[in-house]
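The following note sets out several points on the helices, ring contacts and nonpolar core of the model shown here.

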Amino acid sequence: MPTSVPEEQAPAVILVKAYDHVLWSVQKAEKFPRSFRFSVGERIVQGSLDLLLTLVDATYSRDKAPLLARANRELNALRYLFRLAKDLKLVSNDAWAFSAERLDELGRMTGGWLKAARRP
């Protein structure tokens, strides 16, 4: 039984994982105190949505590399935003660890997809 996902199914898997992270992020940001909900919370939600939409665009684009590079930058921004949320005690250490694991997984998948897209 193969352990890797066939290349034609890879975009679908990453989109599902990105969607799930957006859903989780929105639910977390809704619980932020009012003083942070419209600053850090809104940035997290917007960044998560931007990442999802960038990955959707990459799925349907011929030239995937620039979009996947942008997705990597968006992932890095989200990592910092969640770290800030943890340091401000807006999310628990467990929630931060959960997010970090998911973002790391998305980063590995995006990086692999980018590497494949850059192959001649």
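1. Helices are DSSP runs of H or I with at least four residues, strands are runs of E with at least two, and both are numbered from the N terminus. On this basis Glu74 is found in helix H3. The model is predicted, so local features need pLDDT of at least 70 and side-chain atom pairs count only at pLDDT 80 or more, whereas totals for chains, interfaces and linings use all residues. Residues are numbered from 1 along each chain as its sequence is written, and side-chain values use heavy atoms, with hydrogens and water left out.

2. Glu74 counts as buried, at 17% relative accessibility; buried means under 20% relative accessible area, exposed over 50%, and partly exposed in between (1.4 Å probe, protein chains only). Leaving aside neighbours within four places in sequence, Glu74 is in contact (heavy atoms within 4.5 Å) with Asp50, Leu51 and Thr54.

3. Helix H2 (residues 34-60) comprises 27 residues and reaches 38 Å from its first C-alpha to its last, close to the 39 Å expected; the expected span is 1.5 Å times one less than the number of residues. H2 bends by about 35 degrees at Gly41, the bend being the angle between axes fitted to the seven residues ending there and the seven starting there. The buried residues of H2 include Gly41, Leu51 and Thr54.

4. Which residues have the most contacts inside the largest nonpolar core? They are Phe32, Ile44, Leu51, Leu55, Ala85 and Leu106, in a core of 28 residues. Such a core is a set of buried Ala, Val, Leu, Ile, Met, Phe, Trp, Tyr and Cys residues joined through side-chain atoms within 4.5 Å. H1, H2, H3 (64-87) and H4 each supply at least two residues of this core, and its largest share, 9 residues, comes from H3. Not counting residues up to four places away in sequence, Leu106 touches Leu51 and Leu75, among others.

5. The structure holds 2 aromatic pairs: rings of Phe, Tyr and Trp (its six-membered ring) pair if their centres lie within 6.5 Å, with planes under 30 degrees apart counted as stacked, over 60 as edge-to-face and the rest as tilted. Trp24 and Phe98 form a tilted pair, 5.0 Å centre to centre with 50 degrees between the planes. Trp24 lies in H1 (residues 10-29) and Phe98 in H4 (residues 93-118), so this pair ties together parts that are 74 residues apart in sequence. Trp24 is buried at 16% relative accessible area, whereas Phe98 is partly exposed at 31%. Ring pairs link Trp24, Phe82 and Phe98 into a cluster.
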